[in-house]
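Me: I would like to learn how to read the features of a structure like this one. Please show it first.

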Amino acid sequence: MSDRKYSRMMCDKTKFHHIIESMSESSDSEFVEPRVWRVQHLAQAKRAGRKITMLTSYDAITAPIFEDAGVDTILVGDSYGNVCLGHKSTLPVTLEDMERATAAVARSTTRPLIIADLPFGTYEGSPTQAFESAARLMKVGANAVKLEGGEARVASVSLLSSSGIPVVGHLGFTPQSENTLGGPRIQGRGSERERLLHNALALQEAGACLLVLELTPADVAAEITEALDIPTIGIGAGPHTSGQVLVWSDMAGMTDWTPRFVRRFAELGSELHNAASDYCEAVKTGSFPDSNHYHAK
Ligand code: KIV
């Protein structure tokens with residue numbers, strides 16, 4: 001984006017709805033559905049106005065189901081800690097945890113682009129630390145890594161992307177900073193808006209190929225999406241991003257509570273509960289196994 005366009009937008013924020021209109025019309029090229037998603041398809045999808053789909057997965061049982069269902073990109077998020085490991089936040093997740101989950105997803109899929117989160121404490125120290133951690137995730141099958149933060153990450157993003165590691169940025173509410181942000185709260189309102197846009201542009205300039213925007217007002221996400229050449233993926237950031245991501249267990253209704261921005265596309269938690277309870281009953285009453293399920297001799 002040219003400086004002129006940027007400063008014009010900053011002077012006239014109230015016109016964001018025109019931006020949104022032009023975004024839905026802008027399809028300057030046809031998008032050919034790739035057999036295997038690679039990093040260049042992200043920008044191509046944005047240019048063609050084709051929304052990008054992303055779900056989290058951490059294992060070899062859900063990942064191929066999501067691949068079959070047509071998901072473009074799988075995020076091996078550090079939400080792994082909350083969803084699968086019983087942690088209350090993403091902070092305790094280790095690089096070894098992420099290596100194991102990423103390897104499982106990579107072994108069980110071929111088409112989606114696999115993005116692995118760099119966990120807290122494995123990249124913030126220096127660009128070299130970020131490179132060494134990211135390289136470990138790439139070695140087990142990630143196609144890109146995601147890290148949280150803006151300007152402070154520019155040197156790392158630049159080193160990684162110039163070393164053959166595609167980088168996904170993450171701005172807005174960044175769960176690894178929940179202690180400084182004071183919990184999961186909307187980010188980018190009022191005076192924070194310009195800082196968020198500035199950080200987004202800085203990540204793009206450093207070489208990021210994609211940007212996740214979490215818990216930002218929809219108009220801010222729209223403005224950032226318009227300002228960037230790279231695509232944005234929203235979670236709790238409204239409909240005007242280049243694509244959407246949800247944590248799979250929220251999307252599938254695995255738990256009792258879901259955040260407001262999540263739509264439960266199924267009620268798998270109660271389905272699974274019923275299946276397990278029918279199984280227990282069948283074992284206790286002796287109706288399972290019946291003669292269909294074993295060999296007498
Ligand atoms: O770890 C994760 O699942 C994420 C998403 C919430 C974007 O980072």
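**Salt bridges and the ligand site**

Reply: The count of salt bridges comes to eight, where a salt bridge is a side-chain nitrogen of Lys or Arg within 4 Å of a carboxyl oxygen of Asp or Glu. This is a predicted model, in which local features need pLDDT of at least 70 and side-chain atom pairs count only at pLDDT 80 or more, while totals for chains, interfaces and linings use all residues. Residues are numbered from 1 along each chain as its sequence is written, and side-chain values use heavy atoms, with hydrogens and water left out.

Me: Which side chain meets D72 in a salt bridge?

Reply: Side chains of opposite charge can pair when their charged atoms come close. Here D72 pairs with R50, at 2.8 Å from N to O. The two are 22 residues apart, with D72 in the loop between α4 (62-69) and β2 (73-76) and R50 in the loop between α3 (39-48) and β1 (52-56). Helices (H or I, at least four residues) and strands (E, at least two) are DSSP runs, numbered from the N terminus.

Me: How far is a polar side-chain atom of D78 from an oxygen atom of the ligand?

Reply: A polar contact is a pair of N or O atoms within 3.5 Å; within protein, one must be able to donate a hydrogen and the other to accept it, and residues adjacent in sequence count only if both atoms are side-chain atoms. For D78 the distance is 3.1 Å. For D117 a polar side-chain atom lies 3.2 Å from a ligand oxygen, and for K146 a side-chain N or O atom is 2.9 Å from one.
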